[in-house]
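I opened the file to look up a few contacts and packing details. My notes follow in the order I took them.

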Amino acid sequence: MATSQTTLSPSAPGIDGGAVVTNADAVSLDRANVFHSWSAQKSLNPLVIAGGSGSTVWDHDGNTYLDFSSQLVNTNIGHQHPKLIAAIAKQATELATLAPSHASHIRGQAAAKILSHAPANMEKVFFTNGGADANENAIRMARLHTGRDKVISRYRSYHGNTGAAIVATGDWRRIPNEYARGHVHVFGPYLYRSEFWAETPEQETERALHHLRRVIQLEGPQSIAAILLETVPGTAGIMVPTPEYLQGVRALCDEYGIVMILDEVMAGFGRTGDWFALDAFDVTPDLITFAKGVNSGYVPVGGVIISGEIAATFDERVFPGGLTYSGHPLAAASVVASIEAFEEEGIIENAAMIGRDHLGPGLEALAEKHAVIGEVRGRGVFWALELVKDRNTKEPVTPAYMGRIKAELLGRGLLPFIADNRIHVVPPAVVTAAEVATALDIYDQALAATTL
């Protein structure tokens, strides 16, 4: 069962002002009033979370969990980091809200902090409320900058749930939402389940780039505004590309005058053990989208990091886009505090060390022990275990199996991230080696206890 640590779980006041809340109270209130995303409402039984600290969360009844989901792979700095909490509280006492048309010192600081870790060609930041509208506005910028319409993205991808972002998404969620025009999908490199009959990373890279080139040519280069890629696809499976693939995409964009957009909403700000995931691949895009990782989602925020060339397009031309809460002061304060904590506390370096010295070797050891693990892949604190019935056929395990293993993990005090036939191992970037060791033991137990 989940561990009990009641000293971490203070009594919480209910909406009547004084009653102690239980898990049953929270679920009852939720199910009576809240409409959940990506869900059939009647089948829901949501896990209750009442509080958290670092890599741990707990419910109202005193059960604690190691959060190896990082919620939606975004609490990079951990739960309730005191510097972020203090910065948000301080900003709330000074200026709690502000229209985006005004100048704000804290907003300027946030943009400058982000740009200080971005590639040298990046000059401006357009703030949004989250990752979906970051991608939405990046697509708009690319279309206006080039005068073209089409956007190429990958089938194995997720870019958000606004109009163009959801159609750029490659997974099933785009299909009931395909009302936007001008979107084309391609296969990216994924050697474990190669679409190109490749046997080596070099073959997979070469053939994936050839496939992309032919799609560009057949769609008409003069019609393509942008290629939008997650630097490391996240929800789709944490498929780390070769540097040569991203460099090859950059070369194709240069050859055909196409804007290269890298989506770093999930992969950025420490998740891969780098400031931006792109840092490991020696590639410079034209636009970078970011969101939850920059401040661990403490306040909703996202944005587009814009190259000087594209920013100049709108020096004399109005950019036809904006959001009421663009660069919200509370969000901006949390961004500044988060990046300062990353810098001062070695959080990026910790994520890299944890991946290199603990998670990577530990997950590979699990794969040697459990035949159900077909492949281990990742870097930093961004890993996936792909689970299969048979390593030779690579047939995925069933949804029922994934449901059972999720229950085993929760019952042992670990909050997992489950996607299709994969366990995504994605703790906060502040996770300790001791916490990783505990989690690896829980994964080991759960895999041993779950039969195919």
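**Entry 1: G308.** I started with the contacts of G308. Leaving out residues up to four places away in sequence, I find that G308 touches N121 and E123. This is a predicted model, so I keep in mind that local features need pLDDT of at least 70. I then checked a C-alpha distance. G308 and K124 are 184 residues apart along the chain, yet their C-alpha atoms are separated by 7.3 Å. I placed G308 in helix α9, which covers residues 308-313. Is G308 buried or exposed? Its relative accessible area is 14%, so I note G308 as buried, the cut-off being under 20%.

**Entry 2: S70.** Next I looked up S70. I find S70 in helix α2, residues 70-73. Its relative accessibility is 0%, so S70 counts as buried. Which residues does S70 contact, beyond its neighbours within four places in sequence? I list T75, R271, V426, P427 and P428.

**Entry 3: α4 against α10.** I turned to a helix pair. Two packed helices are described by the angle between their axes and the distance between the axes. For helix α4 (residues 105-115) and helix α10 (residues 329-345), I read an angle of about 40 degrees. The axes of α4 and α10 are 8 Å apart. I therefore record α4 and α10 as oblique to each other. The crossing of α4 past α10 is left-handed.

Then I listed the residues that meet. From α4 I have I106, R107, Q109, A110, K113 and I114. From α10 I have P329, A332, A333, V335, V336, I339, E340 and E343. Sorted by class, this contact holds nine nonpolar residues, one polar residue and four charged residues.

**Entry 4: the nonpolar cores.** I looked up the largest nonpolar core and found 100 residues in it. Which residues have the most contacts inside this core? They are I114 and L387. Which element gives the most to the core? I note α10, with ten residues.

Setting aside neighbours within four places in sequence, I114 is in contact with V125, F127, F269, F276, F290, V294, I305, V335 and I339.

Last, I checked for another core. A second, separate core has 20 residues. Among them are A164, A168, L287 and I310.

Notes: Residues are numbered from 1 along each chain as its sequence is written. This is a predicted model: local features need pLDDT of at least 70, side-chain atom pairs count only at pLDDT 80 or more; totals for chains, interfaces and linings use all residues. Side-chain values use heavy atoms; hydrogens and water are left out. Axes are lines fitted to C-alpha atoms, for helices over the stretch in contact, and angles run from 0 to 180 degrees between N-to-C directions. Helices (H or I, at least four residues) and strands (E, at least two) are DSSP runs, numbered from the N terminus. Angles under 35 degrees count as roughly parallel, over 145 as roughly antiparallel, 65 to 115 as roughly perpendicular and the rest as oblique. A crossing is left-handed if the near helix is turned anticlockwise from the far one by less than a right angle, and right-handed if clockwise. Contact means heavy atoms within 4.5 Å. Ala, Val, Leu, Ile, Met, Phe, Trp, Tyr, Cys and Pro count as nonpolar, Asp, Glu, Lys and Arg as charged, and the others, Gly among them, as polar. A nonpolar core is a set of buried Ala, Val, Leu, Ile, Met, Phe, Trp, Tyr and Cys residues joined through side-chain atoms within 4.5 Å. Buried means under 20% relative accessible area, exposed over 50%, partly exposed in between (1.4 Å probe, protein chains only).
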